[in-house]
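The following exercises concern a single protein chain.

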Amino acid sequence: AEQQPAAAQSKEVAAQPLTAPASTPLTAAELMDTAIEVRNGTWTKDLARHTRSLLQLEGFTVAQIGNHIDFGATETMIYYRPEAERVARAVSATVFPRAKLEPSLKLKKGMDIKILLGADLLERPLLMAHLFAGDI
């Protein structure tokens with residue numbers, strides 16, 4: 001009976017190093033030098049502006065906001081240049097855990113990440129409340 005807990009304990013110890021690299025924090029340079037564009041793809045007024053504020057509070061650099069070409073986006077998407085993948089994943093983990101991440105080489109010049117806000121956000125009342133909590 002004493003051997004079974006020891007075996008389980010050794011499995012836990014072996015599994016711990018696998019999770020450590022994923023939690024490496026972003027550097028200040030990554031946060032400051034990665035330009036993010038936020039586009040509102042919904043009918044919710046000022047969603048891009050509120051999202052910019054939340055991202056900035058989290059330390060991200062939002063370089064541009066605006067409306068998407070239409071308001072029919074159903075899902076929130078995070079498009080990123082391959083070299084900005086770590087920051088894109090951090091944005092997803094920090095603010096938009098249900099967003100789909102997709103590498104893209106077609107982003108606007110000077111932008112490393114583009115976040116397209118979709119209607120799926122409206123189904124997340126806690127996130128929406130957080131986005132609009134700082135409304136002045």
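**Exercise 1. Which residues does L55 touch, leaving aside those up to four places away in sequence?**

Solution. Apply the contact criterion, heavy atoms within 4.5 Å. With residues up to four places away in sequence not counted, L55 touches V38, F60, V62, V91, V95 and I115.

The model is a predicted one, in which local features need pLDDT of at least 70, side-chain atom pairs count only at pLDDT 80 or more, and totals for chains, interfaces and linings use all residues. Residues are numbered from 1 along each chain as its sequence is written, and side-chain values use heavy atoms, with hydrogens and water left out.

A nonpolar core is a set of buried Ala, Val, Leu, Ile, Met, Phe, Trp, Tyr and Cys residues joined through side-chain atoms within 4.5 Å; buried means under 20% relative accessible area, exposed over 50%, and partly exposed in between, with a 1.4 Å probe and protein chains only. The largest such core has 22 residues, and L55 is among those with the most contacts inside it, together with V38, I78, V91, F96, I113 and I115. At least two residues of this core come from each of β1, α3, β3, α4 and β5.

**Exercise 2. Determine the order of the strands in the sheet.**

Solution. Helices (H or I, at least four residues) and strands (E, at least two) are DSSP runs, numbered from the N terminus. Two strands pair if DSSP finds at least two bridges between them. On this basis, five strands make an open sheet of mixed pairing, ordered β2-β1-β5-β3-β4. The edges are β2 (61–67) and β4 (100–103); each has a single partner strand, so one side of each lacks a neighbour in the sheet.

Now examine one pair. Strand β1 (residues 35–40) runs parallel to β2, with six bridges between them, and A35 lies opposite T61 in β2.

**Exercise 3. Describe the backbone and the setting of D46.**

Solution. Locate D46 in the loop between β1 and α3. Most residues other than glycine have a negative phi. D46, although not a glycine, has a positive phi of about 65°. Its relative accessibility is 31%, so D46 counts as partly exposed.
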